[in-house]
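Here are my notes on the model you sent over. Have the structure open while you go through them.

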Amino acid sequence: SGNNQQGTVTAQLTDPFVVQVLDSLSNPVEGTSVTFSVDSVGAYPEGGNDYVIHTVSALTDANGYASTKFTLGSKAGFYLVSAHNSQLRNSPVVFSAVAAAASADTIRLISGNDQSGTAGSALTEIIRVRITDAYNNPIENVGLKWLPTSNGSVSATNDSSYTDAEGYASTTWTLRTTAGADTLNVTSGSLPAAMFTATVNAAGAARVLAYSGNGKTTIAGGN
């Protein structure tokens, strides 16, 4: 028992992995050694090797049972734990468990920060963030708001987006019309806000205005 469980990363699974050793007549065999292990890199998600097998080697009890508890690693995905004894048929027995990401923790800037562009124009590079849990696992379908300053704008409908399956959300950013430093804040619920910055350059010269001296009168011959 204990196969095909699901839990949150770094959590101990509710049920132990249990195997039973039987003789050729299906009678339970006591005192047989069973080893529990994760046998290859492909048996857990990349970076998830911080899993814990609580009992690596166990002896079967009077009912032929051997068991271990298992704590998932910090990376979301599948974990495969093998119970084996090379002298027994049907060895190894493989248990599967799925680790789901923890709750959203961080809005990470991925691309588009520290650009510069002309006042009132869209920046060249796409603005992209990623929302992850505390272990850098992506979180899907998280809503966020893009908050440009002044009369800047973003392409996202109603200034809102949702993260995709890899935790990413993106938009284009049109700078405000006033030269200087500009910012774009990104918020999502109670998470700490993230901020993009950009430098707004003045547009090229387009017209000339009278600055002073217009509309004055003077006496002919006067200074």
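The points below go from overall shape down to single side chains.

1. Ground rules first. This is a predicted model, where local features need pLDDT of at least 70 and side-chain atom pairs count only at pLDDT 80 or more, while totals for chains, interfaces and linings use all residues. Residues are numbered from 1 along each chain as its sequence is written, and side-chain values use heavy atoms, with hydrogens and water left out.

2. Overall shape. The protein has 19 strands and zero helices (DSSP runs numbered from the N terminus: E of at least two residues for strands, H or I of at least four for helices). Its radius of gyration is 32 Å, well over the 17 Å that the globule rule gives for 223 residues, so the protein is more spread out than a compact globule (the radius is taken over C-alpha atoms, and the rule is 2.2 Å times the number of residues to the power 0.38). Along the principal axes, the C-alpha atoms fill a box of roughly 130 × 25 × 25 Å.

3. Burial and contacts. Buried residues account for 35% of the 223 (buried is under 20% relative accessible area, exposed over 50%, partly exposed in between, with a 1.4 Å probe and protein chains only). Of the contacts between residues at least 6 apart in sequence, 60% join residues at least 24 apart (contact means heavy atoms within 4.5 Å).

4. Aromatics. You'll find five aromatic pairs (ring centres of Phe, Tyr or Trp, the last by its six-membered ring, within 6.5 Å; planes under 30 degrees apart are stacked, over 60 edge-to-face, the rest tilted). One of them, Phe17 with Phe95, is stacked, at 4.7 Å centre to centre and 15° between the planes. Phe17 sits in strand β2 (residues 17-20) and Phe95 in strand β9 (residues 93-100), so this pair ties together parts 78 residues apart in sequence. Ring pairs link Phe17, Tyr44, Tyr51, Phe70, Tyr79 and Phe95 into a cluster.

5. Gln5. This residue is in strand β1 (residues 5-8) and counts as buried at 10% relative accessibility. Its side chain reaches the backbone oxygen of Asp15 at 2.8 Å. Beyond neighbours within four places in sequence, Gln5 has contacts that include Phe17, Ser96 and Val98.

6. Ser82. Here we are in strand β8 (residues 77-84), and Ser82 is buried at 7% relative accessibility. A polar contact of 3.1 Å joins its side chain to that of Asp39 (N or O atoms within 3.5 Å, one able to donate a hydrogen and the other to accept it within protein; residues adjacent in sequence count only if both atoms are side-chain atoms). Ser82 and Ala202 are 120 residues apart in sequence and 65 Å apart in space, C-alpha to C-alpha.

7. Arg130 is buried, at 16%, whereas Glu166 is partly exposed, at 44%.
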